[in-house]
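Colleague: I would like to learn how to read a protein model step by step. Please take me through a case, with the general idea each time.

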Amino acid sequence: MSDIHMVREYAHPPAKVWRALTDPALMALWMVAARPEGFSPAVGTRFKFVGKPQPGWSGVVDGEVLEAREPSVFRYSWVADGGDAMQVTYRLEPQGGGTRFAFEHTGFTGLGGFIAKLVIARVRKRMFDVNLPAVLDDVDAEGKLR
């Protein structure tokens with residue numbers, strides 16, 4: 001098994017980062033390859049991330065919210081193309097005047113998992129290094145786009 005672990009620091013309070021990570025309208029702005037459908041940050045919510053199909057991927061990821069402790073922990077399942085269930089976890093901690101954000105995507109297995117991990121890690125890097133910071137900069141304290 002192989003996992004993706006990333007840690008980023010954002011100069012925004014945890015409540016604002018939480019909002020950007022869990023509000024479907026804001027998620028659609030920073031997610032690179034998919035948009036959320038039926039998403040709500042409530043435990044038990046089943047949703048989909050829908051993107052453009054690629055070789056080896058139908059373009060759909062099924063998920064279910066497993067844990068939501070605003071504004072510190074958000075965890076959901078990730079099932080692509082009927083494969084094994086994986087888990088994605090966001091952990092937010094106040095740090096100075098900003099937020100320490102830790103991302104985990106666990107459960108990659110086998111050769112297919114290794115290849116998926118390489119692709120997903122590259123996409124996540126862009127999401128968390130470029131797209132999410134831009135959205136955070138464009139959102140006011142109430143979570144509304146400026």
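Colleague: Which residue in E7 does Glu 93 stand opposite?

Modeller: Strands of a sheet pair through backbone hydrogen bonds, either parallel or antiparallel. In this predicted model, Glu 93 stands opposite Arg 100 in E7. The two strands, E6 and E7, are paired in the antiparallel sense, and the pairing extends over nine bridges.

Colleague: How many residues lie between the strands in the hairpin of E6 and E7?

Modeller: There are two residues between them, and Gly 96 in this hairpin takes a positive phi near 60°.

Colleague: Which residue in E7 is the bridge partner of Met 6?

Modeller: The partner is Phe 103. This bridge belongs to the pairing of E1 and E7, which is antiparallel and has eight bridges. As for cover, eight of the eleven residues of E7 are buried, so the strand is mostly covered.

Colleague: In what order do the strands of the open sheet come?

Modeller: The order is E1-E7-E6-E5-E4-E3-E2, seven strands with antiparallel pairing. At the edges are E1 (2–10) and E2 (34–37), each of which pairs on one side only. On average, neighbouring strands of this sheet are turned by 25° against each other, direction ignored.

Colleague: What can I read from the two faces of a strand?

Modeller: In a regular strand the side chains alternate between the two faces of the sheet. E2 has a covered face with Ala 34 and Pro 36, while Arg 35 and Glu 37 are on the uncovered one. E2 is joined to E3 by four bridges, and the two run antiparallel. In that pairing, Ala 34 stands opposite Gly 51 in E3.

Colleague: How many bridges pair strand E3 with strand E4?

Modeller: Five bridges pair E3 (residues 46–51) with E4 (residues 60–69), in the antiparallel sense. Phe 49 stands opposite Val 61 in E4.

Colleague: Is Thr 89 buried or exposed?

Modeller: The cut-off for buried is under 20% relative accessible area. Thr 89 has 6%, so it counts as buried. This residue lies in strand E6. Leaving aside neighbours within four places in sequence, Thr 89 is in contact with Val 73, Phe 74, Arg 75, Ala 102, Phe 103 and Glu 104.

Colleague: And is Pro 94 buried or exposed?

Modeller: Pro 94 also lies in strand E6, but it is exposed, because its relative accessible area is 67% and the cut-off for exposed is over 50%. The C-alpha atoms of Pro 94 and Ala 15 are separated by 9.5 Å, although the two residues are 79 residues apart along the chain.

Colleague: Which strands does helix H1 lie across?

Modeller: H1 (residues 14–22) lies across E1, E4, E5, E6 and E7, and runs at about 155° to E6. Seven of the nine residues of H1 are buried, so the helix is largely enclosed by the rest of the structure. Among the buried ones are Val 17, Trp 18 and Leu 21.

Colleague: What should I look for in the backbone of the loops?

Modeller: Most residues other than glycine have a negative phi, and most peptide bonds are trans. Asp 81 is not a glycine, yet it has a positive phi of about 55°. It is placed in the loop between E5 and E6 and is partly exposed, with a relative accessible area of 41%. The peptide bond from Glu 70 to Pro 71 is cis, with omega near -5°. Pro 71 is in the loop between E4 and E5.

Colleague: What is the volume of the largest pocket, and how many residues line it?

Modeller: The volume is about 780 Å³. The lining has 30 residues, and those nearest the centre of the pocket are Trp 57, Trp 78, Ala 116, Val 119 and Ile 120.

Colleague: Which element gives the most to that lining?

Modeller: H3 gives the most, with ten residues. Strand E5 (73–80), strand E7 (98–108) and helix H3 (110–137) each supply at least two residues of the lining.

Colleague: How many residues of each class does the lining have?

Modeller: By class, there are 18 nonpolar, seven polar and five charged residues in the lining of the largest pocket.

Methods:
Residues are numbered from 1 along each chain as its sequence is written. This is a predicted model: local features need pLDDT of at least 70, side-chain atom pairs count only at pLDDT 80 or more; totals for chains, interfaces and linings use all residues. Side-chain values use heavy atoms; hydrogens and water are left out. On a 1 Å grid over the protein atoms alone, a cavity is a set of points where a 1.4 Å probe fits but cannot get out, and a pocket is an open set with protein on both sides within 12 Å along at least five of seven lines; lining residues have an atom within 4 Å of a point. Grid points are joined across faces, edges and corners, and a volume is the space filled by probe spheres set on the points. Ala, Val, Leu, Ile, Met, Phe, Trp, Tyr, Cys and Pro count as nonpolar, Asp, Glu, Lys and Arg as charged, and the others, Gly among them, as polar. Two strands pair if DSSP finds at least two bridges between them. Axes are lines fitted to C-alpha atoms, for helices over the stretch in contact, and angles run from 0 to 180 degrees between N-to-C directions. Contact means heavy atoms within 4.5 Å. Buried means under 20% relative accessible area, exposed over 50%, partly exposed in between (1.4 Å probe, protein chains only).
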